[in-house]
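Student: I have a model open and want to go through it with you. Can we start with how the chain is put together?

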Amino acid sequence: MKNHIKHFLILGSVIMLASCGKKDKNSPGTEFMPDMYYSEAYKPYELNPLFDDSLQARPPVEGTVSQGAFPNSPISIDVLKYPYPETPEGYEAAGKELKNPLPSDSSNLADGKEIYGKFCVNCHGDVGDGNGSIVANGKFPSPNTYWSKVGLTQGKMFHTLTYGKGLMGSHASQLTKTERWKVVHYVQSLIDAKTKGTTAAASDTSKTASAKTTKKI
Ligand code: HEC
């Protein structure tokens, strides 16, 4: 038994001494499984013999669209960064320049209405008169009617939904930009229903669907 320990110690010290003997200080010494240390992948600007032009950094494939190429296209809405800052100037600029990129068609209005019923109705009320359930039971001050807000453009609505305003919190974490634009269409339809007398957005879909199937929303 004693002999075993002796042999073991001698072997151990030989291995240790062997590993100290390298002259190059930067050398990592003996490497086990070196494949894991050295990536096989080409670096972006390395020459690559597999391609005729030897360029490793390949041009984008034909038909590639750069991020933000079509700022008003519905598909890029959620990809683009919102460019207006959370300042009064940002609010005014968004109000002037920002247009709803989605069409105000029946499908977007229906989606907007669903979102409105989940996220907005408790404060703003069914028809947008600012008399939602938590206002009616005295727990929250009325946000006032949408149509009483002078110069309220869709850009301003979107800005408010993104950052919040006064007592209304930001909805950016609950709603994607596409969803925000849809609900903006719906709010606009509530305003139009009040100010222009359009029947665009009745608050109860089941009733509208059965009673006024011919009405286009
Ligand atoms: C907790 C209550 C509450 C909820 C929920 C809420 N709002 Fe508001 N909202 C307010 C209040 C209060 C204001 C008035 C803010 C101000 O001008 O100070 C307001 C203002 C607005 C305005 C006018 C913005 C402007 O620029 O003057 C719009 C449009 C609006 N809300 C839409 C919505 C939509 C759409 C939703 C749902 C996605 C929603 N709100 C959810 C309370 C709420």
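Tutor: A term to begin with: two residues are in contact if their C-beta atoms, placed from the backbone, lie within 7 Å. In this predicted model, residues 24 or more positions apart account for 52% of the contacts in the protein chain with a separation of 6 or more.

Student: How many helices and strands are there in the protein chain?

Tutor: The protein chain has eight helices and zero strands. From the N terminus on, the order of elements is α-α-α-α-α-α-α-α.

Student: And what percentage of the residues is buried?

Tutor: Of the 217 residues in the protein chain, 19% are buried.

Student: Which ones are they?

Tutor: In α6 the buried residues are Gly155, Met157, Phe158, His159, Thr160, Leu161 and Tyr163.

Student: What do they pack against?

Tutor: The buried residues of α6 pack against α2 and α7.

Student: Take α2 then. How do α2 and α6 cross?

Tutor: Helix α2 covers residues 88-97, and its axis comes within 6 Å of that of α6, with a crossing of roughly 135°. The two helices are therefore oblique to each other. The crossing of α2 and α6 is right-handed.

Student: Which residues meet there?

Tutor: On the α2 side they are Gly90, Tyr91, Ala94, Gly95, Lys96 and Glu97, and on the α6 side Gly155, Lys156, Phe158 and His159. By class, the contact of α2 with α6 has three nonpolar, four polar and three charged residues.

Student: Now α7. What is the angle between α6 and α7?

Tutor: It is about 130°, and the axes of α6 and α7 are 10 Å apart. This pair is therefore oblique as well. The crossing of α6 with α7 is right-handed.

Student: Which residues of α6 and α7 meet?

Tutor: Gln154, Met157, Phe158, Leu161 and Thr162 of α6 meet Arg180, Trp181, Val184, Val187 and Gln188 of α7. That contact of α6 with α7 consists of six nonpolar, three polar and one charged residue.

Student: Val184 is in that list. Is it buried or exposed?

Tutor: Val184 has 25 C-beta neighbours inside 10 Å, and the cut-off for buried is 20 or more, so Val184 counts as buried.

Student: What does Val184 touch, leaving out residues up to four places away in sequence?

Tutor: Val184 touches Asn100, Gln154, Met157 and Phe158.

Student: Change of topic: where does Lys99 lie?

Tutor: Lys99 is in the loop between α2 and α3. With 12 C-beta neighbours inside 10 Å, Lys99 counts as exposed. The C-alpha atoms of Lys99 and Gln154 are separated by 6.8 Å, although the two residues are 55 apart along the chain.

Student: Last topic, the ligand. Which residues come nearest?

Tutor: There are 21 residues around the ligand, and Cys120, Cys123, Pro143, Gly166 and Met168 come nearest.

Student: Which helices supply at least two residues of that shell?

Tutor: Those are α4 (121-124), α6 (154-163) and α7 (177-195). The largest share, four residues, comes from α6.

Student: How does the shell divide by class?

Tutor: The shell around the ligand has 13 nonpolar, five polar and three charged residues.

Definitions and conventions:
Residues numbered from 1 in each chain as written. Predicted model: local features only at pLDDT ≥ 70, side-chain atom pairs only at ≥ 80, totals over all residues. Near = placed C-beta within 6 Å. Nonpolar A, V, L, I, M, F, W, Y, C, P; charged D, E, K, R; others polar. Axes fitted to C-alpha atoms, helices over the stretch in contact; angles between N-to-C directions. Parallel < 35°, antiparallel > 145°, perpendicular 65-115°, else oblique. Left-handed = near helix turned anticlockwise from the far one by under 90°.
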